[in-house]
Amino acid sequence: MDNDYFFRRYYFPCTRWLAVDEDDGQIARELVAVDEAFMRKDEDEEGAGPTLGLEQKSMSTTYTIKIKTGEKKYAGTDSNVFAILFGENDDTGVINLRSCKNYKNKFEKGMINEFTVEAVDLGDLEKLRIGHDNSGGSSGWFLDWVEIDAASQGQRLRFPCGRWLDKGEDDGAIVRDLYPAELQTELYMPFVPYEIKIYTSDVFAAGTDADVFIVLYGRKGVCTQQKYLCVNKRERRLYFERGAEDMFIVELEDVGEVIEKIRIGHDNRGTNPGWHLDRVEIRRQLRKGKGSETNIFPCESWLARSEDDGETVRELVPSDIITEKLLRDGKLKVTEEEVEDALETHIYSVSVRTGDMYGAGTDANVFLTIYGDLGDTGERKLAKSEKNKNKFERGAVDTFTIEAVDLGQVFKIHIRHDNAMMGADWYLEQVEVLDQDSEEVYMFLCERWLSKKKEDKRIARTFFIKVKETLIQISAKCSKPNWDWTEMPTRRKRRKRCQLWKKVQVRPHNYSVCFPMRLQYDNNIIPYHFTLSTGMDRDGSTTARVFVIIIGPNDVETDRLWLDLPEGKKCFAAGTMEHFVCYGTDVGAIKRVEVIYSVSVVTGDTQCAGTDTRIFLTVFGANGTTEEMLLAKNEDRFERDQEDTFTLEVDDIAPLKKIRVRIDGSGSRPDWFLDRMLMQNLTTEETFLFTYENWLSKTKGPKRTRECELPAVVDEEEMVEKTTYVIQVQTGDAIGAGTDANVFVMVFGEYGDTGTLPLKQSTNMNKFERKMKDVFRFPDMLSLGELSKIRVWHDDKGPSPGWRLDYIDVKDEAMDQTFRFPCDRWLAKNEDDKQIMRELACANNDAIDLSDKTKYEIATTTANTDDASTTENAWIVLEGRKARSKEFVLENKKKKFLRGATDTFEFSSKHVGEIAGICVGHITKDGKKVKHEAFWHVMEVVVTEQELGNKYFFHCDAQIPLAAKKDKFLTFECFKSIESFASKVRKLVPVKYEIIVITGDVKDGGTDSNVFITIYGVNGDSGKRHLRQSFRNLFERGRTNRFVLEMLDLGELLRVRVEHDGSSLHCGWFLECVEVTNTANSVTTIFQCGKWLDRRKADGQIERVLYPKY
């Protein structure tokens, strides 16, 4: 096309079919103009035309359109479907969707059809119009959705529809306008076009019918996905013939300006899969200016199982680079240079040791991928062993040679087999990789089955390096070589517990653990900091837009606070943690504050140290205990000499005192050698070390146990000392008071609990007889500090299981203190309230008498500012929940209330209960009138109840005016309180809880299994309680069952765990809800469920954790 006015000529090349039955089936095309220099560059070559696919591709956009037909009856259509894409700049015109890439019969029920469309300069897509011509025998069509992927723009848009395009259905429309769903839009790094020319050699049988793929590598191991060059069987038959030159224009990930290597291979299928490749040329456009750069990768080798070395994959490095630049005068400048710093090709010797145990060998095909910091080898089949004709036999070592471009420092391998043949199961002992060029050896300890029948039933595994060794040859004259050990990075992964949207941690700005003063913003708006963890489940990620609503006291709540991902991140990926700051309404105190800990678990370096068993962790701190948490295996955790890192969100119970680690002995490798654990508070960076260096096993090691308790070590000092507990059990003096059942206790104290202690070895041969005292010793226990309660129960076995318990004494020999737990109740199913589990409160704290006067310590802190101090007196009144104290005068003797000083006073008063507020005044010493205005600037007041040790904090930061009388004062509310352990223990009084269980009114909703409940509150938990009633048919469809259980006051209820044992023929159960009422204060908490507890229905769970409905 000539423009006579500007004396310019425009070229619009096409070289494409406009035909329904050819190419992509389009009969209309948009062409882009290219410079004349590019049109004339190949004129000197006889019969050669311009190859301008790359230039045209870069100026147009390729859209991959996926169309989902609905699952409804008769949803498919025989009509001709068309679409029009509307962008902000232009539209495509009518596109006939004829040439489907994956199905010949298009638009059938439930089918996803894929099409490719090219367009020029549409801009961002705004609308899609889609319809059909109502032709064919079955023209009606139910369209579910359309997805359009624009790789060059880095966008994937979803256009939901969910409607009929049918003249006889819905509104009768057969054409609909669809709009992109903003929350389902995915953004990613845009792809760039590459022109790939493949030159097949001109030798006998050089061509191939196999499916050829290619991978491009840039610097630092950046690579594209593996891309197959042929779309269908027809193209595989046409391309890669002897002496042929085949060109492909593909869009791939941007690997950078330098292509350091490529991997090219085929799948070895077809009639003639063997292929002799001459070279590969890859051309891409320059980033700045007009022009392109071509990398030439020579090969001149066979990719065939029956030729050369039998490899069907080759890694190639560039030999020459040809650069074409368009100059200002319209001419094309071509330069060619040789690549001088290309990567070298290395030979890797791989030794594979099969384990020496029954059935360890395999007849399956084994594949290996080696990863280094410069890239990977791609998956290679270990076909020809250099040592053994029959590979991978029991106890044998097989050696293979892999040729690959330099990988740099090798750090992991991925190995798998295809589960072919009868004897496919394989026990892999270890893999050793020797880089013959650098003489470096990389060792990978495996000790795992690759089997569909054993362990975790996986046939593919990833292993990380154990240690790197350098081979040094020592001559006779060398006395000692210089060893240079380099530690390879250990495998570290940050994981979350196995849930989907697991937890959101919310904390207002400047909030500490116990509700200090907040930093105020205009209009009561404050910033909130969020830490959001996505679980590790396979479908745990989401591309949706996420928001949070924070609800505070009195139902004050924020608007939706949107957690928008930063630029470059397209989804909340499984196993990731994201941090956000949002501004919203100040809702007041957020009572539950959680702390994030990084937990590193180190498995020992001893044979068979790794495990498949389930591992549980409980953390004990000075301010509480976590629930037992499962440390998920997640494929390759807890393997020999490996460090695995988790992130756990737990209530703030610091400082940590100890942990309990338990395994359940499940899995094909039930034993585990635990070396140590390390927990770090990610906020304060405080670190706690827990060292074990022993087996958790019933068959290995000296301890023969599956559970251990480890004290926290900080700065080489253990936070909990060891002690011996002596437990004395006094059986009552009543007819039939003794028991033949097995008795268990669990002792609770300041630093958690002891876990279950079976009372087996008594000072008496026949235990728990009437009026007898039995003594049990438990040495080497971690001290619990002051004791609070004890839980005692029996298993109701034996000829006479009923038991009358008088009391239990527990002596801590390290503290030389005895704690008494009175009972004087039956533990029997036919006596008293028919309970066989009791919780007993410690009677030691009953000695504290609060009916008389109580001592209070008052500490005042004067501000560290000019004119903050005073020479006069102050006075204070304590406002308690039970009473109000008298006025305490804080006499200013010996220079008190100085700038920045903290002064302490002691007073006696009647017990006022929990202190909610204080009144503070400033008064003259002699009672004379105030002549000049004066103030005392008080910063903070701390009141300590000395008998119980409770502390109350009042943040003041106020100037108290001086007055002659006590008629001027300021009032402050308590913003933080620390309840002492003794105070908590005094609240542990027996309370009866009424539990109402409602079974759903659905078919087969009832159960005949044994049902159990555990109730959790702020003061602890109830233990696992059996819900039973004699001679009653419980938990029937649509029925309500009532139970009464006595336990120590749990305080505010947090959750319940309901479960059944799966016994009986009709074990499935549909639980509607659970109601728990504290009969002491008549507070009822409702826990809704509405789910099945059935291994054969829903998610297969027979245990549910329920949370309160407020």
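Modeller: Start with Asp 202, which is exposed because its relative accessible area is 58%. The cut-offs are these: under 20% is buried, over 50% is exposed, and partly exposed lies in between, with a 1.4 Å probe and protein chains only. This is a predicted model in which local features need pLDDT of at least 70 and side-chain atom pairs count only at pLDDT 80 or more, while totals for chains, interfaces and linings use all residues. Residues are numbered from 1 along each chain as its sequence is written, and side-chain values use heavy atoms, with hydrogens and water left out.

Asp 202 has a charged partner. It forms a salt bridge with Arg 242, with 2.9 Å between the closest N and O atoms. The term covers a side-chain nitrogen of Lys or Arg within 4 Å of a carboxyl oxygen of Asp or Glu. Asp 202 sits in the loop between strand 12 (192–200) and strand 13 (212–217), and Arg 242 in the loop between helix 3 (233–238) and strand 15 (245–252), so the pair ties together parts 40 residues apart in sequence. Helices (H or I, at least four residues) and strands (E, at least two) are DSSP runs, numbered from the N terminus. Arg 242 is partly exposed, at 48% relative accessibility.

Now compare other pairs. Asp 171 and Arg 176 meet at 2.6 Å, N to O, in a salt bridge. Here Asp 171 is partly exposed at 48%, whereas Arg 176 is buried at 8%. Arg 676 and Asp 675 also form a salt bridge, at 2.5 Å. In that pair Arg 676 is partly exposed at 34%, and Asp 675 is buried with 15%. The structure holds 75 salt bridges. Some join into a network, whose members include Arg 448, Glu 455, Asp 612 and Lys 633.

Step back to the chain. It has four helices and 76 strands. Buried residues make up 49% of its 1110 residues. Of the contacts (heavy atoms within 4.5 Å) with a separation of 6 or more, 69% are between residues 24 or more positions apart.

Strands pair if DSSP finds at least two bridges between them. Strand 22 (residues 345–354) runs antiparallel to strand 28, joined by seven bridges. Val 352 has Val 431 of strand 28 as its bridge partner. Strand 29 (residues 440–450) is also antiparallel to strand 28, with nine bridges. There, Tyr 427 is the bridge partner of Trp 449 in strand 29. Four residues lie between strands 28 and 29 in their hairpin, where Glu 439 takes a positive phi near 60 degrees.

Strand 49 (residues 722–731) pairs with strand 53 over eight bridges, in the antiparallel sense. Thr 723 stands opposite Met 781 in strand 53.
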